[in-house]
Amino acid sequence: MVTVKPPITEDKPVSVIMEDTEEDLETLRHSTAHIMAQAVTHLYPNVKLGIGPCIENGFYYDFDLDQTLSHEDLKKIESEMKHIIGSNEPFVRAEIPKDEALKKMEVLGQPYKVELIKDIDDEKVSFYTQGDFMDLCRGPHIQRTGKVKAFKLLSVAGAYWRGKETNPMLQRIYGTAFTQKDALENYLKLLEEAKKRDHRKLGKDLDLFSFQEECGAGLVLWHPKAGRIRTIIEDFWRKEHYKRGYEVVYTPHIAKLDLWKTSGHWNFYRESMFSPLDIEGQEYLLKPMNCPFAILMYKSQLRSYRDLPFRWAELGTVYRYERTGVLHGLLRVRGFTQDDAHIFCTPDQFESEVISVIDLAQFMLTSFGFKEYEIELSVRGKGEKEKYIGGDATWELAEGALQQALERKHLSYTLGEGEAKFYGPAIDIKVKDALGRGWQGPTIQVDFNLPERFDANFIGSDGKEHRVVMIHRTVLGAMERFLGCLIEHYTGSFPLWLAPLQIRVIPVTDNHAEYALGVKQRLENDGLRVDCNTINAKIGYKVREGIIEKIPYILIVGDKEVKEGTVSVRSRKKGDEGSYSLEHFLERIKQEIAAKE
RNA sequence: GCUGCUGUGGCUCAGUGGUAGAGCACGUCCUUGGUAAGGACGAGGUCAUGGGUUCAAAUCCCAUCAGCAGCUCCA
């Protein structure tokens, strides 16, 4: 494909032949955005243009229009785009002195472009023109509009000008483009597939959880099947924590306002907290975090360096006020249970503690089948120190310590500036949902500040008081979000060890019901989760029900099985597998459970 | 919170200014059927909630609640 690129050395445009690469696709999409803007300008001459970049899977362009765009309008815009593509106009690059460009955009009534040009730190600015449409743009672009072979406009949504909440809201049209028609179709199919994996849909279909209007937004009702999964996760979680020297603690859901003032939450986290409750004239707050309780517990007696580290784990349910628009199924809720823990240690122990938490987080993610995740080192943002508690020295120390732990583990990570918590930097691990959106799961946060605010110390070997180091961490994140990610990860087909119902026994006729119930009993005696479908229906029907419910194993028993003392096995993975003795089957699934497959 | 869209029986959805429909699911009965839907009959909805317009509203308007896409936020 050929692209029109900005000049490399000389003051004139050059064309460069390129392979069909990712960069190439970006150029195509960016050019398609320009064509869309041209089409919109044709249809709505008064439009004020914002910006129109390419993004991960396509492009968008922001428009300021008097009327709101509907899906019907998208179709009109699409057909106008097809005209423009059909006319096969060339993209022509031109450089204009900045002041001239400013005048031009003012005359054209394009205030957003004026603003953009003013921010450009150069004497000249570049424009690209195709046909009757000219747009401020750095480039590069494809050679002619006719090169666009496959595109589709996907949605309209509001977006603040330059991403600032105080700026006017523009209408953003999202679209995508590919070099080949089948690539576009594949992408659209992929989106359809992703919809089927959506945990909100599967949660309903598989009767896992619900939200009820009467209950409130962002408050999860865990139905029995999800309850079962959660119990399995929690049991596993507890076992693994005890193995690693953790103790399990429990703390209340509310505490006096003063506690939250001391901890700093009242000053730094108030907008995420629900309003105080009045209890006998005292103000109490619903907890948004578990940490102040842990530190109170720590302070309940004098601590010696000989006792450290303390590793106190807690499945702590917290409540955070989230604005209505940000709620998202199980992935962003208002009440959730963190698989929290607070580690109190000496400065010397800090690094090895962080490393073992990283190990535990990796072990947990691997156990639940997550192979891909991103690690981010979340540090303070530049020039916004007022958002954080604590002095520069402690922050730098903490940030450096986390970074060192990551490097010691040879883990690749990205740096998230301004992503730190208000009380300290963190290592955040993100897991992706069906649509590839990242959600924070495990997190390891250093806190040199709470110990200071609560004056939490230990007696060192020198007999003097020293400030204790506190680590907050989760290795799953929150139970709600984790379940949501699990559902999408497995498309609702949970591995045997997690499946709420592992096995269903189906008798061929009423005559085999007794045998079927016996099989069920036998399997239940071995701790398996089994039911037996004795309803009056043909087995094809019952098998279908079992498949839709994504049950890992369906056992069919009829005359043959009764006579031979066997079960006919239908697995979710392989389908009909023929008959096995019950003992053989038991052996097999016990192995599968142990392997967490 | 902001922009736009949506809200009809358990689920998926159709429908129109004159007092509601389909399929699936559910119940009863017939059928006893070997690996993705056997048949008959039946029950089930104040069309999210509260106002307003109208002779008349589930259908139009407003507000609230809830959901969806995105922005912002969060992380």
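What follows is a dialogue about a predicted model of a protein chain with an RNA strand.

Student: Why is the pair glutamate 234 and arginine 230 called a salt bridge?

Tutor: The closest N and O atoms of glutamate 234 and arginine 230 are 2.7 Å apart. The cut-off is 4 Å between a side-chain nitrogen of Lys or Arg and a carboxyl oxygen of Asp or Glu, so the pair qualifies. The structure holds 36 salt bridges.

Student: What separates glutamate 234 and arginine 230 along the helix?

Tutor: About one helical turn, because the two residues are 4 residues apart in helix α7, residues 224–243.

Student: Are glutamate 234 and arginine 230 buried or exposed?

Tutor: Buried means under 20% relative accessible area. Glutamate 234 has 14%, so glutamate 234 is buried. Arginine 230 has 17%, so arginine 230 is buried as well.

Student: Which residues are linked in a network of salt bridges?

Tutor: Arg230, Glu234, Asp235, Arg238 and Glu480 are linked in this way.

Student: How do you know that aspartate 392 forms a salt bridge with arginine 380?

Tutor: Their closest N and O atoms are 3.3 Å apart, and that is within the 4 Å cut-off.

Student: What makes lysine 520 and glutamate 524 a salt bridge?

Tutor: The closest N and O atoms of lysine 520 and glutamate 524 are 3.5 Å apart, within the limit of 4 Å. The two residues are 4 residues apart in helix α15 (residues 513–525), so about one helical turn separates them. Lysine 520 has a relative accessible area of 22% and is partly exposed. Glutamate 524 has 30% and is also partly exposed.

Student: Why is threonine 145 called buried?

Tutor: The relative accessible area of threonine 145 is 0%, under 20%, so the term buried applies. Threonine 145 lies in the loop between β9 (141–142) and β10. Leaving aside neighbours within four places in sequence, threonine 145 is in contact with residues including Ile35, Ile84, Phe91 and Gln130.

Student: How do you know that histidine 342 makes a polar contact with histidine 472?

Tutor: The contact runs from side chain to side chain at 3.4 Å. The cut-off for a pair of N or O atoms is 3.5 Å, so the distance qualifies. Histidine 342 is found in strand β19, residues 335–345. At 1% relative accessibility, histidine 342 counts as buried.

Student: Which residue 31 residues apart from histidine 342 along the chain has its C-alpha atom 6.0 Å away?

Tutor: That residue is arginine 311. Arginine 311 is also among the residues in contact with histidine 342, which include Asn290, Trp312 and Met470.

Student: Which element supplies the largest share of the surface near RNA strand B?

Tutor: α16 does, with 5 residues. The residues of that surface divide into 13 nonpolar, 12 polar and 20 charged.

Student: How far apart are the C-alpha centres of domain 2 and domain 3?

Tutor: They lie 42 Å apart. The contact between these domains takes 4 residues from domain 2 and 4 residues from domain 3. The domain assignment of chain A places domain 2 at 203–490 and domain 3 at 503–595.

Note on methods:
Residues numbered from 1 in each chain as written. Chains lettered and ligands numbered in written order. Predicted model: local features only at pLDDT ≥ 70, side-chain atom pairs only at ≥ 80, totals over all residues. Heavy atoms only, no water. Buried < 20%, exposed > 50% of the residue type's maximum accessible area, 1.4 Å probe, protein only. Nonpolar A, V, L, I, M, F, W, Y, C, P; charged D, E, K, R; others polar. Domains from an automatic or database assignment. Contact = heavy atoms within 4.5 Å. Polar contact = N/O pair within 3.5 Å; in protein donor to acceptor, adjacent residues only side chain to side chain.
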